[in-house]
Amino acid sequence: MSTEDGPAELTVRPIGRVASSLVDPADAPRQGDEAPSSADLVIDARLAPALDGIEVGDRLVVLTWLHLADREELTVHPRGDLRRPAVGVLATRSPGRPNPIGLHEVTVERVAGTTVTVQGLEAVDGTPVVDLKPVLGPIDER
């Protein structure tokens, strides 16, 4: 599959992985603000300098690759509720989608070496971490 404006393939390399008590996607909360406990982002040691400046209390957007998701799923009932009409996955935050990129807004609880402990992550243990980005504040504070 290709588009007129870009390449048919992309290469994305994980920068780390999630270490979490959540192991089964069926047991994971639907959204991060429903996550009951902390999780660790274990970042590749060679990327340690990239973590400089991340501090306790920071809000981050964590991008993950939802490796257990169904990439063929195109429609879903929001939140798995069969009483709700099915909609296209691109209109939802469903993990099943053509490119299962997870988007998680978290709060940093601890930074120890290349392990960043966060609150608000609903990804399961072993999920590849693709990137971290700070949540932007107001324009005058950037």
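**Strands and a buried valine in a predicted model**

The protein carries 14 positive and 23 negative side chains, and the centres of the two sets lie 2 Å apart. The model is predicted.

User: How many helices and how many strands does the protein have?
Analyst: Read along the sequence, the pattern is β-β-β-β-β-β-β-β. The count is zero helices and eight strands.

User: In what order do the six strands of the barrel close?
Analyst: The pairing in the barrel is antiparallel. Neighbouring strands of this sheet are turned by 45° against each other on average, direction ignored. The barrel order is β1-β2-β7-β6-β3-β8.

User: How many bridges join β1 to strand β2?
Analyst: Strand β2 covers residues 38-43, and β1 and β2 run antiparallel. Glycine 16 stands opposite isoleucine 43 in β2. The number of bridges joining β1 to β2 is four.

User: Which residue in β8 is the bridge partner of glycine 16?
Analyst: β1 and strand β8, residues 128-134, pair in the antiparallel sense over two bridges. The partner of glycine 16 in β8 is valine 129.

User: Which residue stands opposite valine 129 of β8 when threonine and strand β3 are considered?
Analyst: Strand β3 spans residues 59-65 and pairs with β8 in the antiparallel sense over five bridges. Opposite valine 129 in β8 stands threonine 64.

User: Why does valine 18 count as buried?
Analyst: Valine 18 is found in strand β1, residues 16-19. Buried means under 20% relative accessible area. Valine 18 therefore counts as buried, with a relative accessibility of 0%.

User: What separates the C-alpha atoms of valine 18 and proline 128?
Analyst: Valine 18 and proline 128 are 110 residues apart along the chain. Leaving aside neighbours within four places in sequence, the contacts of valine 18 include Thr127 and Val129. Ala39, Asp40 and Leu41 are also among them. The C-alpha atoms of valine 18 and proline 128 are separated by 6.4 Å.

User: Among contacts between residues at least 6 apart in sequence, what percentage join residues at least 24 apart?
Analyst: A contact here means heavy atoms within 4.5 Å. For the protein, the share joining residues at least 24 apart is 73%.

User: What percentage of the accessible surface belongs to carbon and sulfur atoms?
Analyst: Buried residues make up 32% of the 142 residues. The accessible surface comes to about 9200 Å². The share belonging to carbon and sulfur atoms is 53%.

Technical notes: Residues are numbered from 1 along each chain as its sequence is written. This is a predicted model: local features need pLDDT of at least 70, side-chain atom pairs count only at pLDDT 80 or more; totals for chains, interfaces and linings use all residues. Side-chain values use heavy atoms; hydrogens and water are left out. Buried means under 20% relative accessible area, exposed over 50%, partly exposed in between (1.4 Å probe, protein chains only). Accessible areas come from the Shrake-Rupley method with a 1.4 Å probe; for residues, only the protein chains shown count as cover. Lys and Arg count as positive and Asp and Glu as negative; His and the chain ends are not counted. The place of a charge is taken as NZ of Lys, CZ of Arg, CG of Asp or CD of Glu. Two strands pair if DSSP finds at least two bridges between them. Axes are lines fitted to C-alpha atoms, for helices over the stretch in contact, and angles run from 0 to 180 degrees between N-to-C directions.
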